[in-house]
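Colleague: Hi! Could you walk me through this one? I'd like to ask a few quick things as we go.

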Amino acid sequence: MGTFAHRVLEVSRREFVARAQERLEGGHVLADLRAAHEGAMQREDYREEVERLLGRAQADPCVRLPGSRPLVGDAPTLEEARAALDEEFDAHLSHQYQLVGGRRPLPQALVPHLAREHGQLLGLRRDLGSLLDFEAGALEGFEPRLFEWGFGRGGAPKVEYAGVLLTGTVDRIDVDAHGQVAVIDYKHKSDLGFAREYDAFSAGREQGSFSLPRRVQSLVYAQVVRRAFPDLTVRAALYLCTKGSHALAGAADENIVDLVFGERGVSSKRLPSVSVPRGEAFGRTDASGMEALLDASEEAIARAMERLLAGDIEANPLDAEACQFCPVLNCERRLRK
Ligand code: SF4
């Protein structure tokens, strides 16, 4: 389900940006193909044009592209986005029935058989549709620019991080007009407890102290993006819940927390869990704010990697939740709730 959701999100968001770039340039290749052919988005010539437009949009990601993302009060863009999303959802669903070499199903094919599975698929369509509304009220000033940005794959060099070489894929990179970046990782899981699980700081953290958060993926990706795009400034490392009522979590520079979390805002109680103070050094002497958080995280992960590489692989769960879904049922270190 998550793989399906990622793919539909990727293709639909690329589509929005390509259409906006075409409008900005006064072109009409995509619009003409859509007018002339039903299901034009699946045509090869259409996809090639999307790639070309996207490349130009990414060349200077600070240039604003009206209509490249849904916004509150912009009903026409939301409606167009919904239609494109639905079309891509249907097309991607039909691809699930394709056979590799005419014999084997696609790896991770999502083919519903039971009534429950059909219901889950309906739920997924509803979730991805309502995500458009959620996003319209968040990440103010930011526009999506890079999608499924991979490193260390397909000939791209691996990236050194915490003393090891990494490969990975960043779900989405949003950029504002000033070159500020929000790195976004999609999570297709319940919105219940999402913030508690994915916010960067635990409640009651003392200023100046640092400990690795439960979840480090977006912090790792943010550091990789920071190094790969030195002309941009990473200001947020986020997780976007694509399910249910949706949620945003993670870490954001204190000056853009309001913009990132948008119309739903962040309660004063939760604010210390997501806000990265500009003057906070996280135990470092060479940086502050978001940069210090990313460096401190990498340093702590490097120490953990060193221990692992030295053979210290003893189970050491953070808390009972870490063991909740672990399949090692006979583990002596399991922490029960
Ligand atoms: S049950 Fe054991 S192996 Fe599984 S997460 Fe907990 S400590 Fe680790």
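Modeller: Happy to. Let's begin with Tyr239, which counts as buried because it has 26 C-beta neighbours inside 10 Å. A residue is buried if 20 or more other C-beta atoms lie within 10 Å of its own, exposed if 12 or fewer, and partly exposed in between, with C-beta atoms placed from the backbone. Please keep in mind that this is a predicted model: local features need pLDDT of at least 70, side-chain atom pairs count only at pLDDT 80 or more, and totals for chains, interfaces and linings use all residues. Residues are numbered from 1 along each chain as its sequence is written.

Colleague: Thanks! Where is the place of Tyr239, and which residues is Tyr239 in contact with, leaving aside its neighbours within four places in sequence?

Modeller: Tyr239 is in strand 8. Helices (H or I, at least four residues) and strands (E, at least two) are DSSP runs, numbered from the N terminus. Leaving aside neighbours within four places in sequence, the contacts of Tyr239 are Asp185, Lys187, Tyr198, Ser218, Ala249 and Gly250. Contact here has a cut-off: the C-beta atoms of the two residues, placed from the backbone, lie within 7 Å.

Colleague: Let's switch to domains. What does the domain assignment of the chain give?

Modeller: It gives domain 1 (1-136) and domain 2 (140-337), with bounds that come from an automatic or database domain assignment. The centres of domain 1 and domain 2, taken over C-alpha atoms, are separated by 26 Å. Their contact takes 23 residues from domain 1 and 19 residues from domain 2.

Colleague: And which helix gives the most to the side of domain 1 that touches domain 2?

Modeller: Helix 1 does, with eight residues. Helix 3 (44-59) and helix 5 (115-136) are also among the helices that each supply at least two residues of that side.

Colleague: What about the largest nonpolar core: which residues touch the most other members?

Modeller: Of its 70 residues, those are Ala182, Val183, Val225, Ala236, Leu238 and Val260. A nonpolar core is a set of buried Ala, Val, Leu, Ile, Met, Phe, Trp, Tyr and Cys residues joined through C-beta atoms within 7 Å. Helix 1 (residues 2-25) provides the largest share of this core, nine residues. Domain 1 (1-136) and domain 2 (140-337) both give residues to this core, so it lies between them. As for Val260, its contacts, leaving aside neighbours within four places in sequence, include Ala138, Leu139 and Ala182.

Colleague: Helix 1 again! At roughly what angle do the axes of helix 1 and helix 4 cross?

Modeller: They cross at roughly 135° and come within 9 Å. Axes are lines fitted to C-alpha atoms, for helices over the stretch in contact, and angles run from 0 to 180 degrees between N-to-C directions. Helix 1 and helix 4 are therefore oblique to each other; angles under 35 degrees count as roughly parallel, over 145 as roughly antiparallel, 65 to 115 as roughly perpendicular and the rest as oblique. Among the contact residues are Phe4 and Arg7 of helix 1 and Ala81 and Ala84 of helix 4.

Colleague: Last topic, backbone angles. What is phi of Ala162 near, and of His246?

Modeller: Phi of Ala162 is near 50°, a positive value in a residue other than glycine. For His246, phi is near 70°, also positive. Ala162 sits in the loop between strand 4 (159-161) and strand 5 (164-166), while His246 is in the loop between strand 8 (233-241) and strand 9 (247-253).

Colleague: Why does His246 count as partly exposed?

Modeller: Because it has 19 C-beta neighbours inside 10 Å.
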